[in-house]
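Then let's walk through it together, from the overall layout down to a few single residues.

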Amino acid sequence: MEEFFENPLVEGDLSFDFGQSSGATRYEVWDSYLHILQHPDRKAVDFIFAVPETSELFFTEVKDFKTITHEGKYLKGDYSLTLAVDTAKKMADSFDGYAMIGQVSKDADELAFISTTGNFGKVVVFHWEFNPIFPTQKRLHDMKTMKAKLRELLEGVCSNIRIESIEINPSKHWKVTRVGESVQ
C-alpha cells in the first residue's frame, strides 16, 4: 500500500519536494475517489497539499510538455481552450469530490485529512512545464491567458488561481526538479 502522504512526490519526470512537511497526498488514488466517486465523467487532480500555517489547500494539476514532438489533444503543450477546459473540470470535480469525502469515505487517512483541512481555503495550482520550442515571452503570455481563462471557468468555485513552472513563477511552498537533475 502506498503512503497517504508523499515527500517527495514524483509525477512523471517531475519531483515535488515539500521540505520538512509530511508532503502531499495523491487525490487521484484516494480509495474513496477510485471506488466511490470516480466515473468516466468525473476527473481528479494529481495531488493536494495542505499548508496549516495559512489554512490553504492546494489542489494541483501537473502537465509536463517538455518532450512533446507532435501536436496532440493539447497541441504541443501551449495554451489551448481544450487544456483550460479540461483543467477547470478536474479542479471543479476534485472540489466536489473533496466536499463529499466525509460522507462517503471509510478510509481513516482520508477522514483525518478532511477533518483537519475541511475549512481551509482552496487554491487552484496548475503546474505547467512547456515544450522548450516556445520562447519565454510566449510562455508568459500563455500562463497569463490560462490564469484568466481558469478564473472565468471556475467563477463561483474558486478565485485563488496560480499557474506555475520550474523556471517561471515557481511555487513558494515546494521545490520542483526533473527526476535525475539537482536543485539549482
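## The order of the elements

Starting at the N terminus, the elements of the chain follow one another as β-β-α-β-β-α-α-β-α-β-β. That comes to 4 helices and 7 strands, where helices (H or I, at least four residues) and strands (E, at least two) are DSSP runs, numbered from the N terminus. The chain has a radius of gyration of 16 Å, close to the 16 Å that the globule rule gives for 184 residues, so it is as compact as a globular protein of that length. The radius is taken over C-alpha atoms, and the rule is 2.2 Å times the number of residues to the power 0.38.

Keep in mind that this is a predicted model: local features need pLDDT of at least 70, side-chain atom pairs count only at pLDDT 80 or more, and totals for chains, interfaces and linings use all residues. Residues are numbered from 1 along each chain as its sequence is written, and side-chain values use heavy atoms, with hydrogens and water left out.

Of the 184 residues, 47% count as buried. Buried means under 20% relative accessible area, exposed over 50%, and partly exposed in between (1.4 Å probe, protein chains only).

Now for contacts, meaning heavy atoms within 4.5 Å. Among those with a separation of 6 or more, 63% link residues 24 or more positions apart.

## Arginine 139

Is arginine 139 buried or exposed? With 13% relative accessibility, arginine 139 counts as buried. You'll find arginine 139 in helix H4 (residues 136–153). A polar atom of its side chain lies 2.7 Å from the backbone oxygen of phenylalanine 134.

Leaving aside neighbours within four places in sequence, arginine 139 touches Phe130, Asn131, Pro132, Phe134, Glu167 and Ile168.

Most residues other than glycine have a negative phi, and most peptide bonds are trans. Asparagine 7 and proline 8, however, are joined by a cis peptide bond, with omega at about 5 degrees. Proline 8 sits in the segment before strand S1 (9–11).

Which residues have a positive phi? Leucine 75 is one of them, with phi near 55 degrees, and asparagine 169 also has phi near 55 degrees. Leucine 75 lies in the loop between strand S4 (56–64) and helix H2 (81–104), and is partly exposed, at 33% relative accessible area. Asparagine 169 belongs to the loop between strand S6 (161–164) and strand S7 (175–178), and counts as partly exposed at 40%.

Methods
A polar contact is a pair of N or O atoms within 3.5 Å; within protein, one must be able to donate a hydrogen and the other to accept it, and residues adjacent in sequence count only if both atoms are side-chain atoms.
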